[in-house]
Amino acid sequence: KLKKIEVNTSSTTYSSENGHIFDKEKKVMIQYMITNEQTEYTIPSSVESIKTRAFRSASYLKTINVETNNQYLKSDNGIVYDMNQQIIYVYPNGKEDIIYSMPNSVKTVADYAFYGNSKLKYIEMSNIIETIGMRSFYGVNQVRSITIESTLTSIKNEAFKEMTTMKTFVYMGNNIPECGDN
């Protein structure tokens with residue numbers, strides 16, 4: 001199994017640190033080394049954004065921290081958000097909680113945010129959620145129930161695909177949100 005990826009230091013486009021891939025300036029996290037068996041990872045303070053699928057299939061990760069002097073991202077209980085907690089970027093695949101109540105500041109669930117988590121059973125969305133990103137809950141196959149308040153305006157493609165045990169989806173809105181292919 002692949003243990004490490006190193007980018008040549010002369011690359012003008014990419015850089016690496018402990019097998020993880022970044023852009024040259026380490027402002028964009030491109031790919032977490034998914035074969036890494038560590039259960040905890042800390043995103044460097046230089047990182048301003050995370051590519052959509054950077055942590056997809058990182059099944060060992062239970063906690064993702066962000067260095068405290070990062071001005072763009074923050075971590076709360078091992079979950080990665082933007083600095084104002086309006087966007088949830090990554091809910092770790094290996095996180096073992098079975099219930100997740102989203103902070104009421106969250107307006108957007110980013111693409112692939114919960115992708116592949118196999119422990120969650122119940123998700124309560126923020127009461128101001130507006131957008132659920134593409135494949136954001138794809139393969140989260142233990143979820144039994146999701147509750148969404150009335151502010152939802154958009155559900156992107158395959159947001160809830162492969163959620164094989166979902167029994168209850170409660171949407172309390174009066175208007176039907178724009179929906180992608182599911």
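I count two strands as paired if DSSP finds at least two bridges between them. The model I am working from is predicted.

Entry 1, the sheet. On one pairing, 3 bridges join β14 to strand β12, residues 122-124, and the two run parallel. I then checked strand β16, residues 168-171, and found that β14 pairs with β16 over 4 bridges, again in the parallel sense.

Entry 2, residue S145. Which residue stands opposite S145 of β14? I find Y122 there. In β16, the bridge partner of S145 is T168.

I traced an open sheet of 4 strands in the order β10-β12-β14-β16, with parallel pairing. Its edge strands are β10 (99-101) and β16, each of which pairs on one side only. From one strand to the next, I note a twist that averages 5 degrees.

I looked for positive phi in residues other than glycine and noted N18, with phi near 55 degrees. I place N18 in the loop between β1 (14-17) and β2 (20-23). Is N18 buried or exposed? The cut-off for exposed is over 50% relative accessible area; N18 has 60%, so I list N18 as exposed.

Terms used:
Residues numbered from 1 in each chain as written. Predicted model: local features only at pLDDT ≥ 70, side-chain atom pairs only at ≥ 80, totals over all residues. Heavy atoms only, no water. Buried < 20%, exposed > 50% of the residue type's maximum accessible area, 1.4 Å probe, protein only. Axes fitted to C-alpha atoms, helices over the stretch in contact; angles between N-to-C directions.
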